[in-house]
Amino acid sequence: MSIIYSKTQDGTLNVLLSGNVVRDAELKQTGNTTRVKFTVAYGKKLFMDCEAFADNDVGAVASCLEKGDTIAVMGTHRTWEYNGKTYQSVSADMIFTMAVPMDAAAEPDRQSTDSGTWKAVDDSDGELPF
């Protein structure tokens with residue numbers, strides 16, 4: 001899994017991060033704002049704390065994340081210092097789940113395919129049927 005940074009003209013650092021969620025997402029109340037916090041493992045033993053606002057669609061997706069989910073997160077990178085140590089996090093703008101359901105990964109059922117219903121499409125009449 002990996003991380004890609006892109007700096008905009010105004011100095012904002014955008015991030016595309018893909019990896020595995022290391023623990024179930026948790027809700028945190030700060031004043032009258034609720035945020036969903038989760039951590040993503042990427043690369044070799046690298047971790048990124050992420051957050052999303054709970055009152056929008058991104059927060060709704062984030063609140064459903066569980067340990068082991070494979071995701072991609074697009075958002076804004078932020079750093080801050082506390083007690084002489086530098087911390088970093090990503091404020092998520094988009095979250096993509098990348099799990100493949102077990103049924104979808106299975107071999108298709110060859111017996112249910114009816115090849116008699118397929119027709120060859122040519123462009124001799126100028127228009128396609130769809």
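1. A pocket is defined on a 1 Å grid over the protein atoms alone, as an open set of points where a 1.4 Å probe fits, with protein on both sides within 12 Å along at least five of seven lines. Grid points are joined across faces, edges and corners, and a volume is the space filled by probe spheres set on the points. The largest pocket holds about 200 Å³ of space.

2. The model is predicted: local features need pLDDT of at least 70, side-chain atom pairs count only at pLDDT 80 or more, and totals for chains, interfaces and linings use all residues. Residues are numbered from 1 along each chain as its sequence is written, and side-chain values use heavy atoms, with hydrogens and water left out.

3. Lining residues are those with an atom within 4 Å of a point. For the largest pocket they include Arg 23, Glu 26, Lys 28, Asp 49, Cys 50, Trp 80 and Ser 89. By class, the lining has seven charged, three nonpolar and two polar residues; here Asp, Glu, Lys and Arg count as charged, Ala, Val, Leu, Ile, Met, Phe, Trp, Tyr, Cys and Pro as nonpolar, and the others, Gly among them, as polar.

4. Strands are DSSP runs of at least two residues, numbered from the N terminus. At least two lining residues come from each of E3 (26-30), E4 (33-42), E5 (46-53) and E6 (70-82).

5. Thr 30 stands opposite Thr 33 of E4. The two strands form a hairpin with two residues between them, and Gly 31 in the turn has a positive phi of about 65°.

6. Cys 50 belongs to strand E5 and counts as buried because its relative accessibility is 2%. Its contacts (heavy atoms within 4.5 Å), leaving aside neighbours within four places in sequence, are Leu 17, Val 36, Lys 37, Phe 38, Val 40 and Val 90. The C-alpha atoms of Cys 50 and Ser 91 are separated by 5.9 Å, although these residues lie 41 apart along the chain.

7. Ser 89, in strand E7 (residues 85-97), is buried at 5% relative accessibility. Not counting residues up to four places away in sequence, Ser 89 touches Met 48, Asp 49, Thr 76, His 77, Arg 78 and Trp 80.

Conventions
Helix = DSSP H or I, 4+ residues; strand = E, 2+ residues; numbered from the N terminus. Pairing = 2+ DSSP bridges. Buried < 20%, exposed > 50% of the residue type's maximum accessible area, 1.4 Å probe, protein only.
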